[in-house]
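Subject: Structure handover

Dear colleague,

I am passing on to you the structure that is shown below. Please look through it first, and then read the notes that follow.

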Amino acid sequence: MSDNQNLLAEQRRALILDEVRRRGGVRVNELTRRLNVSDMTVRRDLDALARQGVVEKVHGGAVPVAEARTHEPGFEAKSALEPGAKEDIARVAAAMVAPGSAIALSGGTTTYAVARWLLDVPDLTVVTNSVRVADVFHSAPAPEPGGGPRPGAATVVLTGGVRTPSDALVGPVADRAIGMLHFDVLFLGVHGVSVEAGLSTPNLAEAETNRRLIRSARRVVVVADHTKWGKVALSSFARLEEVDTLVTDAGVSEGVRAAMAEHLPGLVVAGREAGAAGPGDERQRDGA
């Protein structure tokens, strides 16, 4: 961990969270020495991480939250986690999309952010099993009050299916619809990413729907912020080697980047400060 006292709060908290997960817990006095900040600053950081639900405060420090592998947070709860990181990821991911492409967006708050960045890309065909993602395109404002569709507005195909707590549509109806389609690139949100378990989700039906999405895509781009690394949910649905590119944020540690780079064909770290480029930052940036 760095001794740079000028670290931004978000960077500092990412370092703390990485340390908590790596060691199974941290003490306040250790963090003040390693980060070269005050006791009060560390406690505020731990309070913020506890509010996000990623650590549990204990006397003198913090430990990881023991999350059930079957727990699936709702869309609103997930939206409140790492909003800045998701915007960084979404901006970079959307830049991979060429006008006129056929793309797919899975359910999730990060893919929802990607959808907002895609509104100005003309002539897209968008396949999605996310009610929220479809609404981004359907609710996009017309050029003039009372006007018709925007020139080049996306054609959206929303699968049917059973709605999950995160507003994704899954199950046999969604699977059948997806199985009949083919798209250039899939932007896939995940609950957890690890070397051993690959990509995972707490929802068994969503796992199968995600497998169908992957099989129908020419290229698979996973969009996942740094808090997803090391999480393992109930059902794995893909190995890391099945992913073409993973787009994550600058909160991911160098050790995690190295581990991901060994198993992923492409790794992009979004939101890094100018001049801070490092190994694995942009190993693959070819357009979709």
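**An enclosed strand and its partners**

Six of the seven residues of strand S12 (residues 217-223) are buried, so S12 is largely enclosed by the rest of the structure; buried here means under 20% relative accessible area, with exposed being over 50% and partly exposed in between, for a 1.4 Å probe and protein chains only. Please keep in mind that this is a predicted model, in which local features need pLDDT of at least 70 and side-chain atom pairs count only at pLDDT 80 or more, while totals for chains, interfaces and linings use all residues. Residues are numbered from 1 along each chain as its sequence is written, and side-chain values use heavy atoms, with hydrogens and water left out. Strands (E, at least two residues) and helices (H or I, at least four) are DSSP runs numbered from the N terminus, and two strands pair if DSSP finds at least two bridges between them.

S12 pairs in the parallel sense with strand S9 (residues 183-189) over six bridges, and in that pairing Phe-183 has Ala-217 of S12 as its bridge partner.

**Two open sheets**

Three strands form an open antiparallel sheet in the order S10-S11-S13. Strand S10 (192-194) and strand S13 (235-238) stand at its edges with a single partner strand each, so one side of each is left without a neighbour in the sheet. Neighbouring strands of this sheet are turned by 35° against each other on average, direction ignored, where angles run from 0 to 180 degrees between N-to-C directions and axes are lines fitted to C-alpha atoms, for helices over the stretch in contact. S10 and strand S11 (residues 198-201) are joined in the antiparallel sense by three bridges, and Gly-192 has Ser-200 in S11 as its bridge partner. Helix H9 (residues 204-215) packs on this sheet and touches S11 and S13, its direction making about 5° with that of S13; contact means heavy atoms within 4.5 Å.

Another open antiparallel sheet has three strands in the order S1-S3-S2. Its edges are strand S1 (26-27) and strand S2 (55-58), each with a single partner strand, so one side of each is left without a neighbour in the sheet. S1 and strand S3 (residues 61-64) pair in the antiparallel sense over two bridges, with Arg-27 standing opposite Gly-61 in S3. Helix H3 (residues 39-51) packs on the sheet, touching S2 and S3, and its direction makes about 130° with that of S2.

**A helix pair**

The axes of helix H1 (residues 9-23) and helix H2 (residues 28-35) come within 12 Å and cross at roughly 130°. H1 and H2 are therefore oblique to each other, given that angles under 35 degrees count as roughly parallel, over 145 as roughly antiparallel, 65 to 115 as roughly perpendicular and the rest as oblique. Among the residues of H1 that meet H2 are Arg-12, Leu-15 and Ile-16, while those on the H2 side include Glu-30 and Leu-31.

**Two aspartates in loops**

Most residues other than glycine have a negative phi. Asp-123, although not a glycine, has a positive phi of about 60°, and lies in the loop between helix H6 (109-117) and strand S5 (125-128). Asp-167 likewise has a positive phi, of about 65°, and lies in the loop between strand S7 (162-163) and strand S8 (169-170). Asp-167 is buried, with a relative accessible area of 9%.

With best regards
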